[in-house]
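This briefing accompanies the sequence and structure shown below.

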Amino acid sequence: MIKKMPLHTLLVCIALVSVAALASDRGSCSGSGVEDTSAVHVYVFNRDDDRLRISLFIDDRLVDSKDVSSESEAEFGIYDLEKGEHRFTISWWDEDTRKSYESSVTTDVKYETPVTLYTEKNDAPEKFYLTVLVKNENDRDLDVCLYIDDKFERCAAARKNSMTEVGKIKLESGGHNISVRWKDPDTEIEYRRSRRVDLIRDDAVVVYAPKGVVIKKETGRSRAQNTETPLDSSQPSQSSMKREPSGSVHTNRSENSSVNTAPKTDEVSALRTTKQAVAREAAGQNHVLSDQMYIYAFIIAIAVYLLSRS
């Protein structure tokens with residue numbers, strides 16, 4: 001025969017069984033979470049001398065961006081990540097160098113893990129003053145223009161036969177191309193002189209503006225002029241002599257005894273041909289006259305014969 005349990009005893013047993021089941025479920029859930037994920041604390045330290053806007057990437061995925069003051073550390077946040085290796089990357093833009101940078105670290109996440117990333121210190125390039133002087137060796141003042149690394153800077157008036165300061169420019173350290181250009185006021189030809197400067201401190205450079213130094217444009221014009229041979233006015237050309245009257249040609253020949261006055265071969269052959277033609281024409285005319293004289297003599301003889309018979 002089964003004994004009946006009191007009601008309160010039955011309720012107590014049901015409550016104990018429920019609490020045990022709930023504790024078992026919570027334990028299994030917490031155990032599975034510990035096995036799968038872990039919390040990661042991410043910090044960024046800014047070593048640069050300027051305040052930077054820094055972006056954080058976890059496994060190439062952007063998660064946050066913050067402003068971090070110079071020489072200070074900022075906590076970006078706590079991130080639950082699966083256990084295993086993860087890549088943490090920060091990127092930023094530096095106004096001093098006008099470039100973007102990044103820094104990365106790979107961490108094996110197992111438990112609650114702190115990760116700290118650092119920015120690099122990138123100072124602005126050091127700058128120095130460069131004084132540009134022009135020595136004008138021309139006999140007139142020149143308006144000269146200064147170019148640095150093919151970029152126009154300024155123009156100045158360079159006094160004739162003297163040294164003139166064209167400009168004092170602040171430049172970054174390193175190599176620079178210095179060019180001075182001017183234009184001749186009479187010929188409109190442009191001149192140019194260039195120098196290469198390796199700037200490592202405050203320095204000065206002298207650019208000379210000598211006479212006769214020209215750029216390619218002027219050289220091309222001079223070559224074109226050199227190809228044309230000018231005529232000497234003191235020696236008339238053969239074509240001009242042919243156009244002159246015979247009297248002037250005769251005068252020029254008499255004044256210059258070194259000129260060869262003998263007729264040319266073509267002229268001799270032409271003269272010979274003309275003489276032969278005249279001789280042939282004269283011979284023909286003599287032959288005609290001889291024939292005519294014979295005819296007149298024959299007619300006169302017949303007339304005399306007829307008169308004698310009558």
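A salt bridge is taken here as a side-chain nitrogen of Lys or Arg lying within 4 Å of a carboxyl oxygen of Asp or Glu. The model is a predicted one, and by this rule it holds three salt bridges. One of them joins the side chains of R98 and E95, with an N to O distance of 2.2 Å.

**Confidence of the model**

- The protein chain has an average pLDDT of 75, and 62% of the residues score at least 70.
- Confidence is highest in strand β2 (residues 52–58), with a mean of 95.
- The lowest confidence falls in helix α3 (residues 238–243), where the mean is 38.
- The pLDDT is below 50 over residues 27–34, and this stretch has one contact in the model beyond near neighbours in sequence.
- Residues 213–217 also have a pLDDT below 50, but this stretch makes nine contacts beyond near neighbours in sequence.

**Salt bridges**

- In general, side chains of opposite charge can pair when their charged atoms come close.
- In the pair formed by R98 and E95, both residues are exposed.
- D141 forms a salt bridge with R159, and their closest N and O atoms are 3.2 Å apart.
- This pair links distant parts of the chain, 18 residues apart: D141 is in the loop between β8 (127–136) and β9 (142–148), while R159 is in the loop between β10 (151–158) and β11 (162–172).
- D141 is partly exposed because its relative accessibility is 39%, a value that lies between the limits of 20% for buried and 50% for exposed.
- R159, at 53% relative accessibility, counts as exposed.
- D67 forms a salt bridge with R53, with 3.4 Å between the closest N and O atoms.

**Positive phi angles**

- Most residues other than glycine have a negative phi.
- D60 has a positive phi, near 65°.
- D60 is located in the loop between β2 and β3, and it is exposed, with a relative accessible area of 64%.
- D150 likewise has a positive phi, near 65°.
- The position of D150 is in the loop between β9 and β10, where this residue is exposed, at a relative accessible area of 63%.
- E188 has a positive phi of about 60° and sits in the turn of the hairpin formed by β12 and β13.

**Strand pairing around β12**

- Strand β12 (residues 174–183) pairs with β9 in the antiparallel sense over five bridges.
- In this pairing, C145 stands opposite R181 of β12.
- Strand β12 is also joined to strand β13 (residues 190–199) by ten bridges, and these two strands run antiparallel.
- Here K183 stands opposite E190 of β13.
- Six residues lie between β12 and β13 in their hairpin.

Methods. Residues numbered from 1 in each chain as written. Predicted model: local features only at pLDDT ≥ 70, side-chain atom pairs only at ≥ 80, totals over all residues. Heavy atoms only, no water. pLDDT = per-residue confidence, 0-100. Helix = DSSP H or I, 4+ residues; strand = E, 2+ residues; numbered from the N terminus. Contact = heavy atoms within 4.5 Å. Buried < 20%, exposed > 50% of the residue type's maximum accessible area, 1.4 Å probe, protein only. Pairing = 2+ DSSP bridges.
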